[in-house]
Each structure stands twice: as structure tokens, then as C-alpha cells.
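Student: I'd like to learn how to read a protein model, feature by feature. Could we go through one together?

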Amino acid sequence: MGRGAGAQVRAGAPYGVEDRATVATTRLYLEPEHGFEADARVVAVSERALAFDRTCFYPGGGGQPADDGTVRVGHDEPLEIVSAHADRDEIIWHLTRSSPVADLVGRPAKLCVNKARRLALTRYHTVLHVLNTIALRDYGGWITGVQIGVDQSRIDFKLDALSAALCAELEEKVNAVDDTRSRAEGR
Ligand SMILES: [Zn+2]
């Protein structure tokens with residue numbers, strides 16, 4: 001589930017690009033004090049996507065789906081962002097539900113990630129790493145697949161035997177780690 005594990009979409013921007021971005025998008029979500037909102041500038045517009053000089057949107061990868069949210073360009077009505085992905089030039093495209101008008105390049109924009117959804121996804125991502133670590137360490141179970149969602153997530157292991165008792169053990173061990181972490185963080 002590390003970055004670049006194969007899940008990252010690198011399909012380019014098959015939208016009939018009208019204005020080409022030339023510089024990789026600054027990924028604000030990698031910074032320690034990152035937030036869920038950001039001020040940015042539109043650098044490229046395609047039929048169904050926008051690119052900005054910087055973004056707080058996670059473009060998907062490592063099994064974690066891309067963020068959704070909204071963007072407001074200037075004082076226009078907010079546009080719904082349904083997904084995001086990075087192209088081979090590391091430009092992050094924000095897919096819009098409706099077509100953006102073309103003359104947005106250079107205009108200031110306010111990006112806003114769907115925070116509740118992102119937090120649910122990152123929480124699942126973290127707990128699956130804990131589960132993965134324990135399954136491998138204690139049972140020799142190698143991960144073979146993962147699907148991170150908002151309401152539920154799935155992880156696949158190659159195990160010699162799977163039983164209800166083993167599942168209960170795994171659950172107990174994962175929850176023990178989470179309890180320790182909660183206490184450490186004063187939650
Ligand atoms: Zn991961």
C-alpha cells in the first residue's frame with residue numbers, strides 16, 4: 001500500500017486539453033501542516049477537468065481513492081470535483097461534474113476537500129496497515145489485495161488457513177494497537 005504500488009492512475013489527460021499545464025502540481029497534502037482547503041491558481045482547463053498550481057486534493061494511490069470536494073474560481077458558483085488524478089507529468093487533474101468554462105486560466109481558486117470522506121479513507125488506510133503488519137508478523141500472511149472505502153474496506157491475505165478464531169485474534173490485536181494509540185494521543 002505504499003505510494004506508487006500500482007494503483008495510481010497515470011492515464012494522462014484524455015479530455016482534449018485546451019491549455020497545457022507545464023509544471024508539476026505542488027502537493028500540499030504532503031506538507032506536515034496541511035489542511036483541507038487551499039488557495040490556488042488555475043493553470044489549465046480541459047473539457048472535464050481543471051489543474052491548479054497547487055492542490056490539497058489527494059490524487060489517489062497506494063490503494064486509497066482520490067479525494068472529492070469543491071472548487072470555487074473567483075466568485076463563480078462552486079464546481080463539484082468528483083475525483084482527481086496525476087498524469088505522467090505529475091500534474092494533478094481535478095475532474096469536474098459539469099464542464100468548466102474555458103477562460104479560467106490564471107484566475108484564483110479556492111479548493112475544498114470533502115474532509116469527512118478523506119478522514120474516513122485515511123483512517124481505514126492506517127488500520128489496514130496495522131492489520132497487514134500483524135497478519136504478516138504473527139501468521140505469515142502476505143497481502144494480495146486491498147480496497148479502501150468510506151463505509152467499509154477489504155484486505156486480502158495469502159494464509160495457510162483462515163478460521164473464525166483467527167479472525168477474532170486478528171481483530172483483538174488490531175484493536176489493542178488502536179487502544180494504545182488512542183491513549184498515547186489522549187483520545
Ligand atoms: Zn499505504
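Student: Which hand does the crossing of α1 and α2 have?

Tutor: The general idea first: a crossing is left-handed if the near helix is turned anticlockwise from the far one by less than a right angle, and right-handed if clockwise. Here α1 passes α2 in a right-handed crossing. Keep in mind that this is a predicted model, where local features need pLDDT of at least 70, side-chain atom pairs count only at pLDDT 80 or more, and totals for chains, interfaces and linings use all residues. Residue numbers start from 1 along each chain as its sequence is written.

Student: How are helices and strands picked out and named?

Tutor: They are DSSP runs, numbered from the N terminus: helices are H or I with at least four residues, and strands are E with at least two. This chain has two helices and 10 strands. Along the sequence the pattern reads β-β-β-β-β-β-β-β-α-β-β-α.

Student: At what angle do the axes of α1 and α2 cross?

Tutor: Axes are lines fitted to C-alpha atoms, for helices over the stretch in contact, and angles run from 0 to 180 degrees between N-to-C directions. The axes of α1 (residues 115-139) and α2 cross at roughly 125° and come within 10 Å. Angles under 35 degrees count as roughly parallel, over 145 as roughly antiparallel, 65 to 115 as roughly perpendicular and the rest as oblique. So α1 and α2 are oblique to each other.

Student: Which residues of α1 and α2 meet?

Tutor: Two residues are in contact if their C-beta atoms, placed from the backbone, lie within 7 Å. On the α1 side you find V127, V130, L131, I134 and A135, and they meet L170, K173, V174, V177 and D178 of α2. By class, that contact has eight nonpolar, no polar and two charged residues. The classes work like this: Ala, Val, Leu, Ile, Met, Phe, Trp, Tyr, Cys and Pro are nonpolar, Asp, Glu, Lys and Arg are charged, and the others, Gly among them, are polar.

Student: Why might residues spaced along a helix point the same way?

Tutor: An α-helix has 3.6 residues a turn, so residues three or four places apart point the same way. Now pick out V130 in α1. Setting aside residues up to four places away in sequence, V130 touches V174 and V177. The C-alpha atoms of V130 and V174 are 6.4 Å apart, although 44 residues separate the pair in sequence.

Student: Is V130 buried, exposed or something in between?

Tutor: Count the other C-beta atoms within 10 Å of the residue's own, with C-beta atoms placed from the backbone: 20 or more means buried, 12 or fewer means exposed, and in between is partly exposed. V130 has 16 such neighbours, so it counts as partly exposed. Across the chain's 187 residues, 29% are buried.

Student: How many residues of α2 are buried?

Tutor: The number is zero out of 21, so α2 lies largely in the open. In α1, by contrast, the buried residues are R118, L121, Y124, L128, L131 and A135. They pack against β8 (108-113), β9 (142-147), β10 (154-158) and α2.

Student: What span should I expect for each helix?

Tutor: The expected span is 1.5 Å times one less than the number of residues. Helix α2 (residues 164-184) reaches 30 Å from its first C-alpha to its last, close to the 30 Å expected.
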